[in-house]
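Visitor: I have a model open and would like to go through it. Could you start with the terms?

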2 protein chains.
Amino acid sequence: MPVLVNGSPADQLPVCDRGFLYGDGVFETLRFQASTIPLWAYHRARLEKSLVRLGIDCDIDVVASDIQQLLSQVDTTEGVLRITVTRGDGQGGYAAGDGVPRRVVASKPLPAMAHASANVRLCDWRLPVQPALAGIKHLNRLDQVMARREWSDDTVFDGLLMDATGALIESTVCNLFIRSGDQWLTPDLSRCGVAGVMRAWLLAEGLPALGYDPDVRDISLTQLLNAEAVFLCNSVRGIVPVTRLIAPEVHWPVDAVTQQLQRTVEALWHA
Amino acid sequence: MPVLVNGSPADQLPVCDRGFLYGDGVFETLRFQASTIPLWAYHRARLEKSLVRLGIDCDIDVVASDIQQLLSQVDTTEGVLRITVTRGDGQGGYAAGDGVPRRVVASKPLPAMAHASANVRLCDWRLPVQPALAGIKHLNRLDQVMARREWSDDTVFDGLLMDATGALIESTVCNLFIRSGDQWLTPDLSRCGVAGVMRAWLLAEGLPALGYDPDVRDISLTQLLNAEAVFLCNSVRGIVPVTRLIAPEVHWPVDAVTQQLQRTVEALWHA
């Protein structure tokens with residue numbers, strides 16, 4: 001699968017790149033369909049927000065141009081792009097100097113999509129509270145790597161993560177929504193977590209279009225266990241109904257709203 | 001300056017390296033003198049501890065062999081090595097797969113050593129509490145990068161960092177020691193922070209050799225402001241007496257014990 005580094009075909013980058021040295025950069029994982037990015041406006045907004053938060057000055061139009069160039073080279077009609085933007089080369093310390101940001105855009109196949117409904121586990125690993133980096137998709141992802149090491153059972157779709165305060169935040173690769181009565185809730189991500197693009201779309205468009213006014217707030221384990229329905233979401237896999245928590249053992253139905261959201265996202269992808 | 005990637009001369013690495021993708025790896029920054037690493041036993045112990053904590057299976061003897069190979073190629077008698085060990089190539093997600101760890105060993109010149117005594121600032125940025133990753137030197141260093149962005153004044157040697165609880169932890173590149181009466185103290189690093197090699201040497205050898213039994217505990221801002229003496233330390237710069245905090249404005253003397261430690265470290269380097 002093709003890769004572009006600063007707009008040119010390459011599969012390597014300098015060992016002095018600050019993304020490698022310190023995780024000093026951000027990324028986006030996008031689904032493409034027939035040479036378009038269905039949720040590009042949301043990805044663009046988050047990429048911009050992430051770059052501003054870290055103080056990395058990279059023109060998003062240049063990234064968009066990289067994406068178009070790469071999409072013109074891929075030989076599949078659907079797949080995944082990972083866009084990484086780092087602060088560029090290091091000068092030998094945390095001080096940034098005047099490096100020029102580096103852009104890496106790579107494509108890979110869509111993951112297997114056999115998850116009509118998903119089993120999840122509750123991770124022991126806790127996300128640290130860091131409001132100053134919460135919400136953005138930066139390259140410091142050791143918490144997710146370490147949480148993902150807790151299981152090797154392929155029947156487990158993902159692991160749910162709580163933060164240090166005990167609130168549910170997300171899974172290793174998805175955001176979380178639960179239904180409590182007629183209210184859809186998703187965790188507040190002001191202390192930690194990645195504010196996903198599919199989550200943003202659901203809050204702004206997907207759920208309102210079905211007449212719901214979703215609420216962003218802290219969600220406790222008890223609220224999760226007592227939820228009427230649960231789903232995970234991200235921009236690659238769309239909406240994944242969660243039907244079972246392994247321990248403690250809890251089952252949830254796949255509810256009609258979740259199924260309607262799945263159909264809406266499918267339509268969005270194949271528009 | 002030469003660089004070895006997995007033991008071979010190279011200045012690039014694959015864009016799919018998990019160190020780049022997620023910060024999934026560890027590093028060491030070592031001072032070399034006349035083809036030896038004065039504190040190698042301490043670096044080796046921390047590297048081993050860091051790798052074990054992340055579950056990366058890399059033979060330290062191979063890393064030691066890389067270092068010897070690189071030192072045989074450098075044309076200076078003193079300098080700095082950065083050793084990075086990552087979990088190897090990614091499979092397209094947080095799950096590690098069976099990648100082989102990648103080793104990158106690079107040399108660079110010693111930084112300018114004009115800091116007979118240092119001014120420091122107090123950073124606004126707070127370190128998040130994450131006991132599961134505390135103490136080790138992993139590649140997720142955005143907190144240090146962001147804290148370092150708070151100043152550009154070259155007369156500031158470094159910025160002191162507190163954690164989310166308000167305890168003093170370290171500076172962006174050094175560990176902290178303070179003298180309170182006749183007691184030397186250094187922050188407890190069980191919640192966050194990097195347990196430096198020079199700090200380990202001072203606790204095990206440097207201070208005991210001078211008759212002190214240093215204490216590892218939480219240090220509040222009030223304790224820092226009231227300290228009799230303060231120094232920073234790391235394996236590249238040794239012992240750096242701190243004589244001024246910029247805001248709030250506080251001055252400390254350079255005390256005799258700190259000067260004795262500086263001489264001991266100098267002797268260690270030039271043995």
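Guide: Two strands count as paired if DSSP finds at least two bridges between them. Helices (H or I, at least four residues) and strands (E, at least two) are DSSP runs, numbered from the N terminus.

Visitor: And what sort of model is this?

Guide: The model is predicted, so local features need pLDDT of at least 70 and side-chain atom pairs count only at pLDDT 80 or more, while totals for chains, interfaces and linings use all residues. Residues are numbered from 1 along each chain as its sequence is written, chains are lettered from A and ligands numbered from 1 in the order in which they are written, and side-chain values use heavy atoms, with hydrogens and water left out.

Visitor: Okay, in chain B, which residue is the bridge partner of Arg31(B) in E5(B)?

Guide: Val80(B) is the partner of Arg31(B). The strands E4(B) and E5(B), the latter at residues 78-86, pair in the antiparallel sense over nine bridges.

Visitor: What order do the strands of that open sheet in chain B take?

Guide: Five strands run in the order E2-E1-E6-E5-E4 in chain B, with antiparallel pairing. Strand E2 (8-9) and strand E4 (25-33) of chain B have a single partner strand each, so one side of each has no neighbour in the sheet.

Visitor: What lies across E4 and E5 of chain B?

Guide: Helix H2 of chain B, residues 40-54, and this helix runs at about 175° to E4(B). Axes are lines fitted to C-alpha atoms, for helices over the stretch in contact, and angles run from 0 to 180 degrees between N-to-C directions.

Visitor: Switching to chain A. What is the strand order in its open five-strand sheet?

Guide: In chain A the order is E2-E1-E6-E5-E4, and the pairing is antiparallel. E1(A) and E6(A) are joined by three bridges, and Val5(A) has Val104(A) as its bridge partner in E6(A). H2(A) lies across E4 and E5 of chain A, at about 175° to E4(A).

Visitor: Which residues does the cis peptide bond in chain A join?

Guide: Ala247(A) and Pro248(A), with omega about 0°. Pro248(A) is in the loop between strand E14 (238-245) and strand E15 (250-251) of chain A. In chain B a cis peptide bond joins Ala247(B) and Pro248(B), again with omega about 0°.

Visitor: Now the interface. How many residues of chain A are in contact with chain B?

Guide: 48 residues of chain A contact 48 residues of chain B, where contact means heavy atoms within 4.5 Å. About 4000 Å² is buried between the chains, and carbon and sulfur atoms give 66% of that. Buried area is the accessible area (1.4 Å probe) that two parts lose on being put together, summed over both.

Visitor: Which residues of chain A lose the most area to chain B?

Guide: Phe20(A), Tyr94(A) and Leu142(A), together 21% of what that side buries.

Visitor: What joins E3(A) to E3 of chain B?

Guide: Three bridges, with the two strands running antiparallel; E3(B) covers residues 12-14. Gln12(A) stands opposite Pro14(B) there.
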